[in-house]
Amino acid sequence: MEDKVVLSVSNITKTFGIVKALNQVSIDFRSGEIHGLIGENGSGKSTMASVITGVYRAEDGTMALDGQPYQPESVLDAAGQGICMIVQEMGTIDGISVAANVFAGKENLFAHLGIVRKKEMIRAAQNILDEIGASDIRAENPIGGESFENRKIVEIARAMYEDVKVMIVDETTTALSQKGREILYRLMSRLKDEGKTIIFISHDLDELTQLCDSVTILRDGNFVRDLKKEEITPDVMRKHMVGRDVQDDYYRTDQQKALTDQVVLEVEHVSSSLLKDISLNLKKGEILGIGGLTDCGMHELGKVIFGIQAPKKGNVYAGEKRIRIRNPRTAIHQKIGYVSKNRDQESIMKLSNIRDNICLPSYDKIKKGCYVSPKAEETLAGRESNKLSIKMSSLDQLCIQLSGGNKQKVALAKWLGNDSDLLILDCPTRGIDVGVKAAIYQLMNQYKQSGKSILMISEELQELIGMSDRILILKEGALSGTFDRSPDLTENDLIQYMI
Ligand SMILES: Nc1ncnc2c1ncn2[C@@H]1O[C@H](COP(=O)(O)OP(=O)(O)OP(=O)(O)O)[C@@H](O)[C@H]1O
């Protein structure tokens, strides 16, 4: 690692109304390093990334790039100066092709007499996708048809083509499966070898320990401390993030299976574009884990069960009366809740406030006649946001103004507040910090103990093993393995059935 400071931020302060997202924060980022930026949800990491990339202007403080004053006017201005970012949520442009996304803003490379030569652009984009190991994504296809993960990989492909000095990777890995992660890690290591700087925002302490050359910890918008490579361990990071010692045993320790044999959900011979003849059942008081590679169909299965996507064949039934789930409305009537992996597009209403988001599925429950009292809304939203320690200025705050992890908490709170009997949770702890992760697992366990059921779709093998009573593995759309809860179960046992 070279020791040249490439980017230096000094005494940066940024406020949003009464929230001080960053308070006099100073950090030096050096060339040839992967520099972790960590902290609990809402500690100011993405705000710092946004100040550096010209999304926001700090009220106070200065920045220097290669020793010269640096004050980007916009994201484009920052990109022009070699500062780029892979964002937390969807960073691709709808309505155009994969190739056009890879070369967004650089169409001139393929222009001849004012006309973009599309075939050439597609060929060049496909070469990049092939090079990074993502040949299954076809450059000529519309981006709209691609999965959330593939769209993230397209963003990474775009980043490969940027002439960067500093690349910010904001909580991207939780959107990716192992394959996507490996593509991202390869990009990061290539940039590092070329002497570039990577600012890496993540909640995964093992990943941070493995990858980072240095780490800066933020808490409530304040700088806490810098860690050098030899000081970076999960325990040290956890302690400084939270401000006290925190245990790392988040998961259930009991070996109890489903509480009863009563079936509350039946999936019968379901086939769809990705799924092949899936049959399963979920019992009362059971946490059923569903795992596999990201394109194995497990995310689609969640959508089919909640009725967002109609299966080509087969049916889904819920409850003792075996009510057929035809759409989300029937699912909600059957007291089923669903948290999608695609949080901003499918789980929350970003432009509505926290109160409305949390209360939305519960209006039938809290209305008196045809009237919903503001007090009832306040009570419900206040109670559920407290349970998950949502960091907000008030319940009136718009969800778009929340940090990523706090948006995820809103997505969970609305279904917990609805007294759902059955939750479909797709990647439930995505973007959630270490402290709250433990609280969510505890809530899941309490939920189970009270006789409710959870179908948890997850790409985190430890999470599946640690929380599930039973695990089903999907491979290429079909069920490939079933495992009962056991202290002897290992990640390798599951992986064999995934690939
Ligand atoms: N546009 C905005 N308007 C109002 N408040 C905002 C806005 N953006 C961020 N905030 C607030 O600033 C604080 C810091 O948020 P930020 O997104 O930087 O946190 P973070 O550390 O990236 O969290 P996470 O790990 O959850 O992604 C939070 O309290 C958040 O609600």
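Helices here are DSSP runs of H or I with at least four residues, strands are DSSP runs of E with at least two, and both are numbered from the N terminus. This is a predicted model, in which local features need pLDDT of at least 70 and side-chain atom pairs count only at pLDDT 80 or more, while totals for chains, interfaces and linings use all residues. Residues are numbered from 1 along each chain as its sequence is written.

Is helix α9 (residues 298-306) mostly covered or mostly uncovered? It is mostly covered, with nine of its nine residues buried. A residue is buried if 20 or more other C-beta atoms, placed from the backbone, lie within 10 Å of its own. Among the buried residues of α9 are Met-298, Glu-300, Lys-303 and Phe-306.

## An open sheet

Four strands form an open sheet in the order β14-β13-β16-β17, and their pairing is antiparallel. Because β14 (278-283) and β17 (323-324) stand at the edges with a single partner strand each, one side of each has no neighbour in the sheet. Two strands pair if DSSP finds at least two bridges between them.

Within this sheet, five bridges link strand β13 (residues 263-271) to strand β16 (residues 313-318) in the antiparallel sense. Here Ser-271 has Lys-313 of β16 as its bridge partner.

## A parallel pair

Strand β18 (residues 336-339) runs parallel to strand β19 (residues 422-426), joined by four bridges. Opposite Val-339 stands Leu-425 of β19.

In a regular strand, side chains alternate between the two faces of the sheet. In β18, Ile-336 and Tyr-338 point one way while Gly-337 and Val-339 point the other way, and all are buried.

## Around the ligand

Which residues come nearest to the ligand? Of the 21 residues around it, these are Phe-16, Ser-46, Gln-401, Ser-403 and Gly-405. A residue counts as near when its C-beta atom, placed from the backbone, lies within 6 Å. The shell contains four nonpolar, 13 polar and four charged residues.

β2 (19-30), α1 (45-52) and α15 (404-417) each give the shell at least two residues. Domain 1 (5-242) and domain 2 (263-498) each contribute at least three; these bounds come from an automatic or database domain assignment.

## What the record says

An unreviewed UniProt entry lists "domain: ABC transporter" for residues 7-245 and 259-499; such annotations may be inferred rather than shown by experiment. The span 259-499 is 37% helix and 23% strand, and its end C-alpha atoms lie 32 Å apart.

Key
Ala, Val, Leu, Ile, Met, Phe, Trp, Tyr, Cys and Pro count as nonpolar, Asp, Glu, Lys and Arg as charged, and the others, Gly among them, as polar. A residue is buried if 20 or more other C-beta atoms lie within 10 Å of its own, exposed if 12 or fewer, and partly exposed in between; C-beta atoms are placed from the backbone.
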